[in-house]
Amino acid sequence: MGDKTIVTQVVSGAKSTAGGLRQGVQIRVDIFALVPYILLIALTATLVSLNSRLLSIQVLETKLNAALPLMFMTTAQALVILTGGIDLSIGGVLSLSTAIAATQMGETLDSIVMWSLIILLVGMAAGAINGLIVTYMRVTPFIATLATWSIWAGVALFVLPKEGGTIPRLLKEIVQRGRLLGLPKSVYILVLLIIFWLLIRRTRFGTRIYAVGSNANNAYLSGAPVKRTLIATYSLSGLLASMAGLYRTIQYSAGSPTAGDPFILTSAAAVIMGGMSLAGGRGGVVPSIVGAVILLLINDLIYFLGVSTFYTPMVQGVLLIMVVAIQSLGHYLRRRRAVQ
Amino acid sequence: MADLELNNISKRFGGVVALDRATFHCTAGEVHGLVGQNGAGKSTLVKILCGVVQCDGGEILLDGKRLNFGSPSDGIASGIGMVFQELSLIPDLTVAANIFFGHEPTGMLWGISRGALRQSTLALFERMGVEPIAPDAEVCDLPLAQRQMVEIAKVLARDPRVIIFDEAPSALGRKEVDWLLEYVRELAAEGRIVIYISHDLREVMQVSDTITVFRNGRNVGVRRVEEASTDELVSLILGRKASRLYSPRETDIGDEVAMEVRDLRGGVRLQGVSFKLRCGEILGIGGLTGQGQDELFRGLFGIQPIHGEVLISGRPVHIGSPGSALRQGIRLVLVPEDRATQGVVAAMSVAQNLSLAVLPRLQRWGLVARDRERVVVEEAIKRLSIVVADVNGPVMRLSGGNQQKVVLGKLLATKPRILMLYDSTRGVDVGTKAEIFQLLRQLVAGKGSSVLFYSTDVDELINMCDRVLVMRLGSIEAELSGEALTEENVIRASMGEAVKEGAYTRPPPVSQEVTSDRSS
């Protein structure tokens with residue numbers, strides 16, 4: 001013990017040169033987070049230069065209208081991917097939502113409101129079921145949501161075997177036509193969606209979503225209610241998917257039992273395009289929505305270039321790989337800096 | 001009645017009994033040390049105490065009240081905080097978010113107030129009396145030592161009634177360790193119940209008032225620190241009398257050079273290191289943390305670019321990556337610092353980990369031959385005395401010391417010529433350490449292999465190594481051997497002061513003495 005005292009005295013006199021971050025290094029400016037926005041501006045600029053009429057209010061309104069379902073689906077997917085999972089069933093939920101809306105809604109306001117609420121509840125319940133399967137049955141999200149997707153798609157087919165059905169005119173009136181304070185209603189819907197997300201992100205629940213995606217085990221050790229958080233996240237995803245379904249039904253004035261299928265992979269692609277890691281714990285919903293817009297703009301760009309839009313998926317794919325490569329580079333550089 | 005009582009706690013994991021009707025009593029206002037070998041049950045005991053693990057039987061009484069835990073959040077709610085050995089931080093969240101996780105200051109609409117979060121974090125660091133770490137820095141960007149400080153801050157932020165330190169200072173620098181030991185005593189003086197787990201007996205005796213020893217899942221002795229001696233504690237830990245920890249040094253090392261490095265530079269800190277590693281030698285690298293030792297080892301191993309010359313057996317080589325070293329036939333391996341993330345493959349079983357480095361040798365027609373694999377695995381387990389219930393079980397289920405043995409076993413299976421160890425005995429229990437040291441001695445005995453050994457434990461350095469090169473500010477400050485190889489000289493060189501040549505005869509090993517044969 002005596003020797004230890006000598007050592008302690010001798011050492012405490014020295015200047016500690018223990019390595020590590022000093023206070024100067026704080027917040028990294030993450031340039032890589034700007035990639036989706038840069039792409040967005042670049043694409044928009046290119047499109048506008050090709051066809052200046054694109055900047056008119058009517059065109060923008062139409063575009064926004066068309067993009068809203070994908071934006072909702074992308075948000076749903078982003079939430080789940082943030083927790084480190086994935087949700088393939090949102091396609092089925094969307095299809096089922098359109099099926100119910102197109103077959104059950106009556107012309108009265110009461111009927112519209114009631115069935116809208118039912119559809120939203122169905123979406124939330126579908127999501128909750130996903131959450132329960134993933135947490136209590138410990139099935140990996142990919143498999144769990146693949147299974148539930150088939151189930152909901154099946155129910156959709158049962159409710160509405162063929163594309164068709166009717167939508168009450170009143171609903172279309174309320175949601176789509178007319179302006180509120182000079183702006184199309186779709187703008188308000190988008191703004192509400194983003195505000196909704198920003199509010200959630202600021203709460204402890206929002207922090208928990210990121211924590212569970214980053215390291216679920218440590219989140220558990222730190223006292224987070226992991227199971228509850230996951231179930232809530234999947235429920236939100238289902239809710240957003242059913243909202244997307246409602247809007248799409250209004251758009252097309254009809255339901256379709258397979259309406260949701262194209263959204264599944266596209267929503268995941270949008271999330272990745274927005275810079276989110278599939279591992280979860282990092283990224284945001286707003287960049288993901290930007291990613292969705294980018295994917296849609298690519299389609300427009302191809303059209304205006306006079307090329308067949310059959311090439312769209314290919315171009316989207318190539319861009320996706322480029323974006324992932326850039327993100328990986330950013331990741332690698334961060335790692336190297338941390339080592340030093 | 002004691003303030004904290006754990007009575008008759010039992011716990012099994014599959015076929016292994018971790019705790020066998022164990023008892024543990026603590027009083028508030030003092031530091032209670034908890035020691036024992038890996039697998040003795042101390043980690044399991046405290047994990048039950050904080051709710052991470054549920055016991056099969058027994059009761060927990062805090063201030064006379066019976067506690068029932070289903071999860072860590074129950075433990076936290078009851079005022080129990082644990083500084084985890086393997087850290088419980090969320091990598092992608094900021095320092096502030098981690099520290100106040102679950103009880104962040106909220107403002108409007110349930111939103112977390114980021115300003116208040118930042119302020120509270122800085123205020124906490126100030127109360128702790130340490131240099132603040134940037135609240136908005138992401139934990140994954142921080143070096144291990146700082147992450148450890150964040151982990152400690154996180155527990156303190158909840159102002160817990162019971163604090164458990166599980167190998168808390170293992171990656172901290174000297175100054176931080178001193179701070180911690182003093183702070184632990186302060187925390188106890190404030191009336192809390194403080195439990196301190198460590199493998200470093202000197203440390204435990206320095207900081208504790210009472211010490212409990214666990215062995216084989218049972219409480220085998222409680223002593224007041226004034227009445228206890230290291231020898232008595234060691235024999236309680238082992239269940240038998242002690243003998244030397246370190247085998248006598250080889251004094252007869254030839255001149256044949258296994259590896260020579262000239263003017264190595266790289267990274268931020270490595271500023272020109274040159275030395276020769278002789279065949280059959282255990283060469284130690286010492287010095288304060290952060291003097292370039294990290295870059296040196298990474299550079300030699302090939303995971304960090306460095307400049308300078310490296311000669312293996314007289315031949316100049318360029319090691320661009322560990323794979324490239326393998327392809328050139330250079331049998332050089334590295335046992336890393338952080339076994340959980342860099343050493344074992346957590347998702348794989350014990351057997352898979354052990355055979356991982358030699359898979360090409362185990363192939364038959366492109367498939368892994370299970371019989372050959374089994375031979376390798378059994379040999380490693382036998383050679384290193386790895387305690388494992390099921391070789392096909394996940395490697396993470398093993399205790400820290402045994403995991404380290406798995407890492408070592410995996411690398412030894414490649415029959416390396418140069419074995420590099422980077423602070424690999426951190427948080428490893430006394431018995432396992434002795435086994436590892438004996439193994440290293442055996443390895444170099446035939447002069448076929450050499451060892452490059454970095455440790456922050458000065459005692460280990462002077463007893464294990466034939467020579468020690470003390471690094472400071474990126475280059476070698478002093479080379480110590482023979483009579484000059486003393487604890488005092490290593491410390492002096494670490495700080496840039498002149499060493500005393502042969503002024504003292506080598507003092508007897510101050511540390512724990514242990515037998516190297518454990519049959520527990």
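Predicted model: local features only at pLDDT ≥ 70, side-chain atom pairs only at ≥ 80, totals over all residues.
**View 1. The six strands of an open sheet in chain B.** Reading across, the strand order is 16-19-20-13-21-22, and the pairing is mixed. From one strand to the next, the twist averages 20°. As a reminder, strands of a sheet pair through backbone hydrogen bonds, either parallel or antiparallel.

**View 2. Strand 13 next to strand 21 in chain B.** Zoom in on residues 282–286 (strand 13) and 467–472 (strand 21) of chain B: the two run parallel, with 4 bridges joining them. For a handy landmark, look for B:L283, which stands opposite B:R467 of strand 21.

**View 3. Helix 9 of chain B lying across the strands.** Residues 293–301 of chain B make up this helix, and it lies across strands 13, 16, 19 (418–422), 20 (450–454) and 21 of chain B. Against strand 19 of chain B, helix 9 runs at about 150°.

**View 4. Confidence along chain B.** How does the chain score? The average pLDDT of chain B is 84, and 93% of the residues score at least 70. Among the elements of chain B, helix 3 (residues 95–99) has the highest mean pLDDT, 95, while helix 11 (residues 339–343) has the lowest, 74. Then there's the stretch 503–520 of chain B, where pLDDT stays under 50; the model still has 46 contacts beyond four places in sequence for these residues. As for the model's overall scores, ipTM is 0.83 and pTM is 0.74.

How values were computed: Residues numbered from 1 in each chain as written. Chains lettered and ligands numbered in written order. Pairing = 2+ DSSP bridges. Axes fitted to C-alpha atoms, helices over the stretch in contact; angles between N-to-C directions. Contact = placed C-beta atoms within 7 Å. pLDDT = per-residue confidence, 0-100.
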